Amino acid sequence: MSNLFCVNKSGVSVPVYSNQNESQRIGTIGNREAFGYDRNWGGDGVRCNIIFLNSSGSLSYGCLLNPPDRTLTPCTDYPYGRARINGTEYMTFIMRRSRNVYKADGSLWGTVAANRKVACLSGLSGDSHPDWKGINYVENSSGAWVRVTGAGTNYGFVDTGLAV
């Protein structure tokens, strides 16, 4: 089961609880806020383990308990746009800042420049970094699409900047 990079589209703020003590509230996922859903770590739609930016600005693990409908919406339901690359339609997202791009094994591939797009086919996020979004292509500074390859795959991950 793959992890997902999600956006809370429930229309309400959703409380986040400690993984060690589910009665201890540790934060909130606001409406339209992005977060990583760590499905490999456990989660059945009732108790959902996530990684999010807490109120003190630190990346934190927590869990959602009985989240409202549309809380776990894959980010790909709301792409920036779409691009046809080599006959396949991809969903695109614009990167507001320059961000690192990684191969599937977590080693550095390169960067995507600020105000350039990344393209993907799904809401996949990283196993060891649920805050990294799975991507297939990066738009270079000339506007051409460059395939992210390495580690024996044709995909990689972009650091979404969720940690900052």
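How many disulfides does the count come to? In this predicted model, the count comes to 0 disulfides. The legends below describe close-up views of selected cysteines, strands and residues.

**View 1. Cysteines C48 and C63.** A disulfide is a covalent bond between the sulfur atoms of two cysteines. The cysteine sulfur closest to that of C48 belongs to C63, but the two lie 8.6 Å apart, which is too far for a bond.

**View 2. Cysteines C75 and C120.** For C75, the closest cysteine sulfur is found in C120, at 6.0 Å, and this distance is also too far for a bond. The relative accessibility of C75 is 6%, so C75 counts as buried.

**View 3. Strand β5 and its partner strands.** Strand β5 comprises residues 47-53 and is mostly covered, with 5 of its 7 residues buried. Strand β4, residues 34-37, pairs with β5 in the antiparallel sense over 2 bridges. The antiparallel pairing of β5 with strand β6, residues 59-65, extends over 7 bridges. Residue I50 of β5 stands opposite Y37, and in β6 the bridge partner of I50 is G62. In a regular strand, the side chains alternate between the two faces of the sheet.

**View 4. The hairpin of β5 and β6.** These two strands form a hairpin with 5 residues between them. Within the turn, G57 has a positive phi of about 85 degrees.

View 5. Leaving aside residues up to four places away in sequence, L53 touches E33, S58, L59, L162, A163 and V164. The C-alpha atoms of L53 and G36 are separated by 9.8 Å, and these residues are 17 residues apart along the chain.

**View 6. The surroundings of S125.** S125 is located in strand β13, which spans residues 124-125. With a relative accessible area of 1%, S125 is buried. A polar atom of the S125 side chain lies 3.3 Å from the backbone oxygen of P130. Again leaving aside residues up to four places away in sequence, S125 touches N3, L4, F5, P130, W132, K133, G134 and F157.

Notes
Residues are numbered from 1 along each chain as its sequence is written. This is a predicted model: local features need pLDDT of at least 70, side-chain atom pairs count only at pLDDT 80 or more; totals for chains, interfaces and linings use all residues. Side-chain values use heavy atoms; hydrogens and water are left out. A disulfide is a pair of cysteine sulfur atoms within 2.5 Å. Buried means under 20% relative accessible area, exposed over 50%, partly exposed in between (1.4 Å probe, protein chains only). Helices (H or I, at least four residues) and strands (E, at least two) are DSSP runs, numbered from the N terminus. A polar contact is a pair of N or O atoms within 3.5 Å; within protein, one must be able to donate a hydrogen and the other to accept it, and residues adjacent in sequence count only if both atoms are side-chain atoms. Contact means heavy atoms within 4.5 Å. Two strands pair if DSSP finds at least two bridges between them.
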